[in-house]
Amino acid sequence: MSLPIVSTHTPPAEAHAGRLTPREARRRLEHERGSRLAQLQAIGEAGHEADEQVMAAQKDTLGRVLKEIGAALDRVRDGSYGTCPGCSRPIPVERLEILPYTQFCVPCQRKAD
């Protein structure tokens, strides 16, 4: 049984000087959280037909992403959203459009992995 596909596409950002506005960041993060919660609900409704190991792995992944989204919302509140803690540079708005809950720029993420 396959799970429904939930779109995570959001329209282009309301960028200001190459950065997402706090309003836009919150909107994108809330959209991401809603999508992940819908996926968790779909997993819960899949019942016993689905492979339990696959379902457990999906739940773990979604739980991790939901924590990352919560942390990103905290960064929006404290004003540090969009600034990489690894190099203190702004995270490119294109990266935040693709992965709004990311904490690091690409070079620092590669170092962290």
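**Close-up views of a predicted model**

**View 1. A glycine follows helix α2.** After α2 comes G79, whose phi is positive, near 85 degrees. This is a predicted model.

**View 2. The whole chain in outline.** The protein contains 4 helices and 2 strands. Along the sequence, they run β-β-α-α-α-α. Of the 113 residues, 31% are buried. The exposed surface comes to about 7200 Å², and carbon and sulfur atoms supply 54% of that area. Take the contacts between residues at least 6 apart in sequence: 53% of these join residues at least 24 apart.

**View 3. Confidence along the chain.** Mean pLDDT for the protein is 83. A value of 70 or more is reached by 81% of the residues. Helix α4, residues 106-112, has the highest confidence, at a mean of 93. Strand β1, residues 15-16, has the lowest, at 44. Over residues 1-16, pLDDT stays under 50. The model still has 38 contacts beyond four places in sequence for this segment. Where pLDDT is low, predicted coordinates should not be read in detail.

**View 4. The largest nonpolar core.** This core has 16 residues. L20, L29, I69, Y81 and Y101 have the most contacts inside it. Three helices each supply at least two of its residues: α1 (22-45), α2 (52-78) and α3 (93-98). Helix α2 gives the most, with 5 residues.

**View 5. Helix α1 and its cover.** Helix α1 has 24 residues, and at 1.5 Å a residue it should span 34 Å. The buried residues of α1 are E24, A25, R28, L29, E32, S35, R36, A42 and I43. What covers them includes β2 (19-20), α2 and α3.

View 6. The 27 residues of α2 should span 39 Å at 1.5 Å a residue. The distance between its end C-alpha atoms is 39 Å, which agrees. Buried in α2 are M55, L62, V65, L66, I69, A72, L73, R75 and V76. The buried residues of this helix pack against α1.

**View 7. L73 and its contacts.** L73 is found in helix α2. Its relative accessibility is 5%, so L73 counts as buried. Leaving out residues up to four places away in sequence, L73 touches R26, L29, E30 and R33. L73 and R28 are 45 residues apart along the chain. Their C-alpha atoms are separated by 10.0 Å.

View 8. The structure holds 0 disulfides. C87 is in none, and its nearest cysteine sulfur, that of C105, is 3.8 Å away. C105 is in no disulfide either; the nearest cysteine sulfur to it belongs to C108, 3.7 Å away. A disulfide here requires sulfur atoms within 2.5 Å. C105 has 8%, so C105 counts as buried.

**View 9. T83 in the loop between α2 and α3.** T83 lies in the loop between these two helices. At 28% relative accessibility, T83 counts as partly exposed. Neighbours within four places in sequence aside, T83 is in contact with R19, S88, R89, P90, I91 and Q103. The C-alpha atoms of T83 and C105 are separated by 8.2 Å. Along the chain, T83 and C105 are 22 residues apart.

**View 10. S88, a positive phi without glycine.** S88 is in the loop between α2 and α3. Its phi is positive, about 65 degrees, although S88 is not a glycine. S88 has 58% relative accessibility and so counts as exposed. S88 is also one of the contacts of T83.

Notes
Residues are numbered from 1 along each chain as its sequence is written. This is a predicted model: local features need pLDDT of at least 70, side-chain atom pairs count only at pLDDT 80 or more; totals for chains, interfaces and linings use all residues. Side-chain values use heavy atoms; hydrogens and water are left out. A nonpolar core is a set of buried Ala, Val, Leu, Ile, Met, Phe, Trp, Tyr and Cys residues joined through side-chain atoms within 4.5 Å. Buried means under 20% relative accessible area, exposed over 50%, partly exposed in between (1.4 Å probe, protein chains only). Contact means heavy atoms within 4.5 Å. Accessible areas come from the Shrake-Rupley method with a 1.4 Å probe; for residues, only the protein chains shown count as cover. pLDDT is the predictor's confidence in each residue, from 0 to 100. The expected span of a helix is 1.5 Å times one less than its number of residues.
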